[in-house]
Amino acid sequence: MEFSGLFTGDERKRKEREMTEAGRLPPHQSLTLKWPVLHYGSVPVFESAKWEFQIRGLVEQPLRLTWDDFQKLPRIQITSDFHCVTRWSRFDNAWTGVSFREVMKLARPKPEAEFVLVHGEQGYTANVPLADLDRENVLFATHHDRKPLEPDHGYPLRLIVPHLYAWKSVKWVRGLEFLDRDVAGFWEQNGYHMYGDPFKEQRFDTD
Ligand SMILES: Nc1nc2c(c(=O)[nH]1)N[C@H]1C(S)=C(S)[C@@H](COP(=O)(O)O)O[C@H]1N2
Ligand SMILES: [Mo]
């Protein structure tokens, strides 16, 4: 017999227990089977002819990539978990896109570059240490669970940094600024933690 639908609450609890036991649920988070939408400001309209991806700061090769340039880069698929500081976690997301390392190969950060300020549309920013982006599961995603990103989830391109709270996973990402010091991004200027490790509960700058 098919009881699915009737037991979705139980299914959620079962999975939450499973993830807790596997050590994948960070403290004081709860598992969601849905995918909430969370951002500051409005959803930007994508115009491929106007879009460009800008890489500047401490790199050997500053770059401006058009949407066509970006589309030509090799793609990877990564499955990872997603933890929002407002206490929901979504597990086993399949992301397709271009790895951070692929973009690094083109820009070639200088040895002094230790931090990156990630820029999104409308002035949204998030700061991440370069070492935390230079990992094999960090990517610029165009697809989620094999479907193009919805506009409110970051279409056409978003960063995914699975091991940090999701405010670092910049939607509508448009560029990278390589720096020799850690410069606070949007939420970090508004009281959030500079690093944001969900397993250490680094939510606020006082944590
Ligand atoms: N450009 C931009 N990216 C953003 C945000 C934002 O306000 N603007 N919010 C962040 C936060 S706090 C979270 S939890 C995730 C939410 O992603 P989702 O809406 O796809 O679930 O996006 C992150 N990326
Ligand atoms: Mo968030």
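Guide: We need one definition before we start. A residue is buried when its relative accessible area is under 20%, exposed when it is over 50%, and partly exposed in between. Keep in mind, too, that this is a predicted model.

Now find Arg12. Its relative accessibility is 27%, so it counts as partly exposed. Arg12 forms a salt bridge with Glu16, and the closest N and O atoms are 2.9 Å apart.

Turn to Glu16 itself. Helix H1 runs over residues 8-21, and Glu16 lies in it. Is Glu16 buried or exposed? Its relative accessible area is 18%, so Glu16 is buried. That puts it below the 20% limit.

A polar atom of its side chain lies 2.7 Å from the backbone nitrogen of Leu31. Which residues does Glu16 touch, leaving aside those within four places in sequence? They are Leu25, Ser30 and Leu31.

His28 has 57% relative accessibility, so it counts as exposed.

Arg146 gives a second case of a positive phi without a glycine, here about 70 degrees. Look for it in the loop between strand E8 (139-144) and E9. Arg146 is exposed, because its relative accessibility is 58%.

Move along to Pro156. It lies in the loop between strand E9 (147-148) and strand E10 (158-160). The peptide bond from Tyr155 to Pro156 is cis, with omega near 10 degrees.

Back to charged pairs. How many salt bridges does a search of the whole structure find? It finds 17. One of them links Arg135 and Asp132, with the closest N and O atoms 3.6 Å apart. Arg135 is partly exposed, because its relative accessible area is 33%. Asp132 is at 7%, so it counts as buried. Another salt bridge joins the side chains of Arg203 and Glu201, at 2.9 Å from N to O. Arg203 has 3% relative accessibility, so this residue counts as buried. Some bridges also share partners: Glu11, Arg14, Lys15 and Glu18 are joined into one network in this way.

Now go to the nonpolar side chains. The largest nonpolar core has 48 residues. Phe53, Phe70, Phe100, Val103, Phe140, Leu176 and Phe178 have the most contacts inside it. Which helix gives this core its largest share? It is helix H3 (residues 100-107), with four residues.

Start at Phe100. Not counting residues up to four places away in sequence, Phe100 touches Leu130, Leu133, Asp134, Val138, Leu139, Phe140, Leu176 and Phe178.

Take Leu133 from that list. It lies in helix H4 (residues 130-133). Its relative accessible area is 0%, so Leu133 is buried. Beyond its neighbours within four places in sequence, Leu133 is in contact with Phe100, Val116, Val128, Val138, Leu159 and Val161. For a sense of distance, compare Leu133 with Gly191. They are 58 residues apart along the chain, and 22 Å separates their C-alpha atoms.

The last stop is ligand 1. There are 18 residues around it, and Pro36, Tyr40, His153, Arg158 and Lys171 come nearest. An oxygen atom of ligand 1 is 2.5 Å from an N or O atom in the side chain of Lys171. For the side chain of His153, the distance from a ligand oxygen atom to an N or O atom is 2.6 Å. How much of the ligand does the protein cover? On its own, ligand 1 has 530 Å² of accessible area, and the protein covers 98% of it.

Technical notes
Residues numbered from 1 in each chain as written. Chains lettered and ligands numbered in written order. Predicted model: local features only at pLDDT ≥ 70, side-chain atom pairs only at ≥ 80, totals over all residues. Heavy atoms only, no water. Core = buried A, V, L, I, M, F, W, Y, C linked by side-chain atoms within 4.5 Å. Buried < 20%, exposed > 50% of the residue type's maximum accessible area, 1.4 Å probe, protein only. Helix = DSSP H or I, 4+ residues; strand = E, 2+ residues; numbered from the N terminus. Contact = heavy atoms within 4.5 Å. Polar contact = N/O pair within 3.5 Å; in protein donor to acceptor, adjacent residues only side chain to side chain. Near = heavy atom within 4 Å. Areas by Shrake-Rupley, 256 points an atom, 1.4 Å probe, with all protein chains shown as cover. Salt bridge = Lys/Arg side-chain N within 4 Å of Asp/Glu carboxyl O.
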